[in-house]
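This report describes the pockets of one protein structure. Please consult the sequence and the structure shown below while reading.

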Amino acid sequence: MCCARREAEKMLDTTNINLPRHVGVIMDGNGRWAKKRGVPRWEGHREGARVFRRIGEYAADIGVKYLTFYAFSTENWSRPPEEVAAIMQLFREYLLEGDERIKENEEKGMRLRFIGDRSGLPADIVNLIEKAERESADKSRVYVNIALNYGGRDEIVGSVKKIAQKVACGEMKPDDITQDDISGGLYTAGQPDPDLIIRPSGEYRISNFLLWQSAYSEFWYSDVLWPDFTTDDFDRAVLAYSGRNRRFGNIG
Ligand code: IPE
Ligand code: IPE
Ligand code: MG
């Protein structure tokens with residue numbers, strides 16, 4: 001999006017708002033969006049990818065520091081191969097854009113991190129991911145995680161395996177294992193847990209997203225399909241979050 005248009009865009013006044021530090025987004029509803037229009041599902045994914053760019057930039061502009069976008073789950077491989085191929089192609093396009101927009105990326109200050117199992121991804125995509133992570137490693141305005149071939153259960157298993165290794169070689173005792181050890185072995189190690197998780201498309205489930213990290217997240221649901229999701233919807237989610245009373249087991 002060009003800068004002039006972005007400047008004209010109405011932005012949420014966050015002065016008296018309790019802004020979430022970390023927002024997770026389950027980008028769902030692309031297929032139904034396409035079906036409603038009688039177009040192939042990949043067109044829904046293309047629109048979804050466009051909205052991802054827009055919401056990511058907007059969230060950073062209003063001051064959200066950490067964002068995690070759920071783009072492709074470990075379970076999504078069960079979809080028809082043509083659909084999976086189309087989604088992978090969209091990832092390629094997004095990653096290649098980084099090269100063409102180096103200057104803009106500098107201004108955005110986005111540090112990209114891809115979370116998920118890379119061993120299952122096409123080699124050229126893994127190379128592009130590594131490049132994007134390397135080239136954004138010095139950025140700190142906003143930390144953006146893209147969950148790609150990601151599964152929350154797999155992630156926990158991965159962390160437990162690292163701990164088991166340490167126990168097996170005598171570096172650690174089973175009794176010494178803490179919650180921080182588990183958190184530290186996740187893809188999101190070092191990042192705050194998500195304060196708010198947004199799920200559009202009228203589904204009310206977590207679908208294997210950030211299972212460990214979402215223990216005390218606030219949830220915000222909407223019937224809007226992801227390709228129709230706007231910055232106003234994002235504002236609604238943030239405002240709802242701001243009014244929530246998080247008790248963490250304590251009394252209010
Ligand atoms: C989300 O949209 C994108 C991915 C899961 C890759 P869907 O493709 O799941 O859209 P619906 O749920 O079928 O509408
Ligand atoms: C969750 O959406 C995964 C992503 C958005 C990447 P799904 O469409 O895969 O979830 P289910 O199958 O409806 O639970
Ligand atoms: Mg879906």
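## Basis of the description

A pocket is here an open set of grid points with protein on both sides within 12 Å along at least five of seven lines, and its lining residues have an atom within 4 Å of a point. The model is predicted.

## The largest pocket

The largest pocket holds about 630 Å³ of space. Its lining consists of 31 residues, and those nearest the centre are Met-27, Tyr-70, Ala-71, Phe-72 and Asn-76. Two or more lining residues come from each of helix H2 (30-37), helix H3 (41-62), strand S2 (66-73) and helix H4 (81-100). The greatest contribution is that of H3, which supplies six residues.

Sorted by class, the lining of the largest pocket comprises 15 nonpolar residues, together with eight polar and eight charged ones.

## The second largest pocket

For the second largest pocket the volume is about 480 Å³. A total of 24 residues line this pocket, with Tyr-94, Gly-98, Asn-105, Leu-112 and Ala-132 nearest its centre. The elements that each provide two or more lining residues are H3, H4, helix H5 (102-108), strand S3 (110-115) and helix H6 (123-135). Here H4 gives the most, with five residues.

In the lining of the second largest pocket, ten residues are nonpolar, ten are charged and four are polar.

How values were computed
Residues numbered from 1 in each chain as written. Chains lettered and ligands numbered in written order. Predicted model: local features only at pLDDT ≥ 70, side-chain atom pairs only at ≥ 80, totals over all residues. Heavy atoms only, no water. 1 Å grid on protein atoms, 1.4 Å probe; cavity = no way out; pocket = protein on both sides within 12 Å on 5 of 7 lines; lining within 4 Å. Points joined across faces, edges and corners; volume = space filled by probe spheres on them. Helix = DSSP H or I, 4+ residues; strand = E, 2+ residues; numbered from the N terminus. Nonpolar A, V, L, I, M, F, W, Y, C, P; charged D, E, K, R; others polar.
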